[in-house]
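Morning, everyone. Please have the sequence and the model open while I talk.

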Amino acid sequence: MKLRLDKYLADMGQGTRSEVKKAIRKGLVQVNGRTVREPEYKVDTEEDQVLFAGRQAEYEEYEYYMLNKPAGVISASEDARERCVVDLIESRKRKDLFPVGRLDKDTEGLLLITNDGALAHRLLSPKKHVDKVYYARVQGRVTQEDVELFGQGVDIGEEKQTLPADLCILETGDISKVELTIREGRFHQVKRMFQAVGKEVLYLKRLRMGPLALDESLEPGQYRTLNTQELDILC
Ligand code: URA
């Protein structure tokens with residue numbers, strides 16, 4: 001891909017467009033060993049070697065991060081008041097990153113952060129019914145009857161019932177532990193499904209989204225780039 005030098009550097013997080021323009025005019029940028037002072041100079045993102053203040057600035061069209069979302073952070077790219085999941089990705093280069101789907105502020109777990117809109121569409125499109133797997137702690141005794149109800153779909157106060165979901169009871173008691181697989185992404189869906197059977201979700205964590213599983217070595221708030229195997233199955 002061919003890009004203007006100032007856009008290339010701004011995309012790679014080297015500064016705002018006007019900051020990098022100034023730096024280019026000052027002679028701080030080299031392309032293939034030659035100082036280039038024209039911000040409009042066209043760079044080949046695959047072929048050309050760009051140095052900014054002596055450091056290599058490699059171009060990445062897409063970035064992909066797996067975040068273990070902590071509670072207390074909202075699933076957004078930016079917000080005037082609240083801390084957002086994208087703010088947690090300190091090593092990000094690009095400014096156009098967004099979370100693929102939303103988890104509630106108090107939900108933890110797997111969140112993919114990228115700027116790849118086509119991938120996000122494949123994972124989120126309601127027509128694709130991508131599996132989302134959650135671990136939950138629930139107030140009340142989750143029963144076999146709940147498993148059957150969830151398997152048929154439940155009324156959460158919308159025009160349509162939920163699609164059949166797989167509920168697996170891990171532990172039952174005054175507080176039950178479950179794994180739930182849903183194939184939609186309705187607002188507060190897991191919490192509302194349990195409300196529909198008279199129970200309250202106390203803790204919620206997403207474990208999987210389609211073929212992508214949360215790396216359990218990531219503590220809440222930690223992230224890493226996707227590895228090549230994960231990229232191969234997703235992209
Ligand atoms: N369902 C919910 O209720 N909350 C989430 O964050 C995700 C799914």
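First, the ground rules. This is a predicted model, where local features need pLDDT of at least 70, side-chain atom pairs count only at pLDDT 80 or more, and totals for chains, interfaces and linings use all residues. Residues are numbered from 1 along each chain as its sequence is written, and side-chain values use heavy atoms, with hydrogens and water left out.

Start with helix α4, residues 144–152. Helices here are DSSP runs of H or I, at least four residues, and strands are runs of E, at least two, numbered from the N terminus. Which residues of α4 are buried? They are Asp146, Val147 and Phe150. Buried means under 20% relative accessible area, exposed means over 50%, and partly exposed is in between, with a 1.4 Å probe and protein chains only. Now look down the axis of α4. The buried residues fall within an arc of 105 degrees, so they line one face of the helix. That arc is taken from the directions from the helix axis to the C-beta atoms.

What do the buried residues pack against? They pack against β11 (166–171), β12 (175–182) and α5 (189–196). Contact means heavy atoms within 4.5 Å. The face of α4 turned away from the buried side carries Gln144, Glu145 and Gln152, which are exposed. Just after α4 comes glycine 153, with a positive phi of about 105 degrees.

Next, the ligand. Among the residues surrounding the ligand are Leu103, Tyr134, His188, Val190 and Lys191. A polar contact is a pair of N or O atoms within 3.5 Å. A backbone N or O atom of histidine 188 is 3.2 Å from a ligand oxygen. For lysine 191, a backbone N or O atom is 3.0 Å from a ligand oxygen. The ligand on its own has 240 Å² of accessible area, and the protein covers 96% of that. Areas come from the Shrake-Rupley method with a 1.4 Å probe.

On to the cysteines. How many disulfides are there? A search of the whole structure finds 0. A disulfide would be a pair of cysteine sulfur atoms within 2.5 Å. Cysteine 84 is buried, because its relative accessibility is 0%. Cysteine 235 is partly exposed, at 49%.

Last, aspartate 87. It lies in the loop between β7 (64–69) and β8 (98–99). Beyond its neighbours within four places in sequence, aspartate 87 contacts Ser77 and Arg92.

Key
Near = heavy atom within 4 Å. Polar contact = N/O pair within 3.5 Å; in protein donor to acceptor, adjacent residues only side chain to side chain.
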